[in-house]
Amino acid sequence: ALATAMLGCSDPAAPPTSPSATGAALAEAAADGSTLKATAPTPVFPIDGTEVQDQTPELILENAPVYIYVVDENNQFVAVNRAWRQVVGDNYSSIVGRSLYDVFPEATAANFEKNNREVLRAGSRLEFEEGHEGNTFLSVKVPVRDARGRAYAICGMSVDITARKAAERALLESEARFRRMA
């Protein structure tokens, strides 16, 4: 239900919901024990006399070229965006509710869990370089707070920096060869 509330629909590929449907999703999330901060309803803008929901948050989440995800304090996925799903090769409903340990090799999941717990303990935005299957990711993680201010999940945004790291290594090696020649 929290994923429904976060994205405004249970399936990100589904058409956008109305503000009242999003409110119903928030109520459902609260009823199932999730606690969310109260937010203003999604604005509706008239276009040619027709009200159209502002889809900007969903458009950003689903079309951002970075991996965006929410993982709760029990290491279970609450939400993931399209870029994340494309890399993993699963659909939305098969990821939500699964553990880091269900999706990644144990060592990788343990590292992600360690970093996520650090964000929950710090209660603030932290950055990490994280590895998976030979790739390096720059991950920015922030705590997600309930209405009482308690951090109960993390929202992460990760970008693949493998090529950048390779270029940095190549530059350092080139500089070292140049110094040896001089």
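Let's start with Val80. Leaving out residues up to four places away in sequence, Val80 touches Glu62, Ile68, Tyr69, Arg85, Tyr92 and Ile95. Keep in mind that this is a predicted model.

Now, where does Val80 belong? Val80 is part of the largest nonpolar core, which has 28 residues. Val80 is also among the members that touch the most other members, along with Tyr69, Phe77, Trp84, Leu100 and Phe104. Which elements build this core? Strands E3 (67-72), E4 (77-80) and E7 (151-160) each give at least two residues. So do helices H4 (82-88), H5 (92-95) and H7 (106-122). In soluble globular proteins, nonpolar side chains tend to be buried together.

Asn75 sits in the loop between E3 and E4. Is Asn75 buried or exposed? Its relative accessibility is 8%, so Asn75 counts as buried; the cut-off for buried is under 20%. What does its side chain meet? The side chain of Asn75 makes a polar contact with the side chain of Glu113, at 3.0 Å. Setting aside neighbours within four places in sequence, Asn75 is in contact with Arg98, Ser99, Leu100, Tyr101, Glu113 and Arg117. Notice Leu100 in that list.

Last, the whole chain. The protein chain has 182 residues, and 34% of them count as buried. Its secondary structure comes to 8 helices and 7 strands. Take the contacts with a separation of 6 or more: 41% of these join residues 24 or more positions apart. Finally, the surface. The chain exposes about 10500 Å², and carbon and sulfur atoms supply 56% of that.

Definitions and conventions:
Residues numbered from 1 in each chain as written. Predicted model: local features only at pLDDT ≥ 70, side-chain atom pairs only at ≥ 80, totals over all residues. Heavy atoms only, no water. Helix = DSSP H or I, 4+ residues; strand = E, 2+ residues; numbered from the N terminus. Buried < 20%, exposed > 50% of the residue type's maximum accessible area, 1.4 Å probe, protein only. Contact = heavy atoms within 4.5 Å. Areas by Shrake-Rupley, 256 points an atom, 1.4 Å probe, with all protein chains shown as cover. Core = buried A, V, L, I, M, F, W, Y, C linked by side-chain atoms within 4.5 Å. Polar contact = N/O pair within 3.5 Å; in protein donor to acceptor, adjacent residues only side chain to side chain.
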